[in-house]
Amino acid sequence: MNKGAQFVSASIIGADFVNVTINGKYYTVFPPTVHKLAGAGMFLSDFGDEQTVRDVISSVNDSEKLAHAFSWLVQGNDELFDELSHGTFDELVDAIDTAYSLISVENFTRLSTLAKNVASLIAKQR
């Protein structure tokens, strides 16, 4: 229960993030919102039968599309595209993979369990 509370608290105060480096510059990535995921998805839609998120990202094989996608994941728009386009293909793949790793099934499960426990506590009659 303590881990779940820490997870929720970190999310609420914005302490749930990772830093990635592209072309020598650090970018802070917070767990992507639906808006950011949809924006990134516009540039990551060219894939085949890949099995992992990393394989899907690598299969795009276009640094410009990856720079657009990562800009969406960091900023929620395309404003960082120009500076991100100077990064290497591998840096961009690693950065996007790291951003997607913030959407963990384990964390989602923990959050769901915590929400269920809170709802149970609220619904209990005294």
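Colleague: Which residue in β2 does I22 stand opposite?

Modeller: I22 stands opposite K25. Bear in mind that this is a predicted model.

Colleague: OK. How do β1 and β2 run, parallel or antiparallel?

Modeller: They run antiparallel, and 5 bridges join β1 to β2. The two strands form a hairpin.

Colleague: How many residues sit between β1 and β2 in that hairpin?

Modeller: There are 2 residues between them. N23 is in the turn, and its phi is positive, about 55 degrees.

Colleague: New topic. Which residues touch the most other members of the largest nonpolar core?

Modeller: Those are Y27, L66, F70 and I96, in a core of 25 residues. Several elements each supply at least two residues, among them β1, β2 and α6.

Colleague: And which element gives the most to this core?

Modeller: α4 does, with 7 residues.

Colleague: Let's zoom in on L66. What does L66 touch, leaving out residues up to four places away in sequence?

Modeller: L66 touches L44, I57, V60, F89, L92, V93 and I96. I96 is also on the list of residues that touch the most other core members.

Colleague: Is there a general reason why nonpolar side chains end up buried together, or what do they tend to do?

Modeller: In soluble globular proteins, nonpolar side chains tend to be buried together.

Colleague: On to rings. How many aromatic pairs are there?

Modeller: The structure holds 2 aromatic pairs. F17 and F30 form a tilted one, with 5.7 Å centre to centre and 55 degrees between the planes.

Colleague: Why does that pair tie together parts that are apart in sequence?

Modeller: F17 lies in the loop between α1 and β1, and F30 in the loop between β2 and α2, so the pair ties together parts 13 residues apart in sequence. F17 is partly exposed, at 39% relative accessible area. F30 is partly exposed too, at 37%.

Colleague: Then why do the rings of Y27 and F70 count as edge-to-face?

Modeller: Their planes are at 85 degrees, and over 60 counts as edge-to-face. The ring centres are 6.2 Å apart. This pair links strand β2 to helix α4, 43 residues apart.

Colleague: Are Y27 and F70 buried or exposed?

Modeller: Both are buried.

Colleague: Last one. At roughly what angle do the axes of α2 and α4 cross?

Modeller: They cross at roughly 175 degrees and come within 8 Å. That makes α2 roughly antiparallel to α4. The contact includes H35 and L37 of α2, and W72 and L73 of α4.

Definitions and conventions: Residues are numbered from 1 along each chain as its sequence is written. This is a predicted model: local features need pLDDT of at least 70, side-chain atom pairs count only at pLDDT 80 or more; totals for chains, interfaces and linings use all residues. Side-chain values use heavy atoms; hydrogens and water are left out. A nonpolar core is a set of buried Ala, Val, Leu, Ile, Met, Phe, Trp, Tyr and Cys residues joined through side-chain atoms within 4.5 Å. Buried means under 20% relative accessible area, exposed over 50%, partly exposed in between (1.4 Å probe, protein chains only). Helices (H or I, at least four residues) and strands (E, at least two) are DSSP runs, numbered from the N terminus. Contact means heavy atoms within 4.5 Å. Rings of Phe, Tyr and Trp (its six-membered ring) pair if their centres lie within 6.5 Å; planes under 30 degrees apart count as stacked, over 60 as edge-to-face and the rest as tilted. Two strands pair if DSSP finds at least two bridges between them. Axes are lines fitted to C-alpha atoms, for helices over the stretch in contact, and angles run from 0 to 180 degrees between N-to-C directions. Angles under 35 degrees count as roughly parallel, over 145 as roughly antiparallel, 65 to 115 as roughly perpendicular and the rest as oblique.
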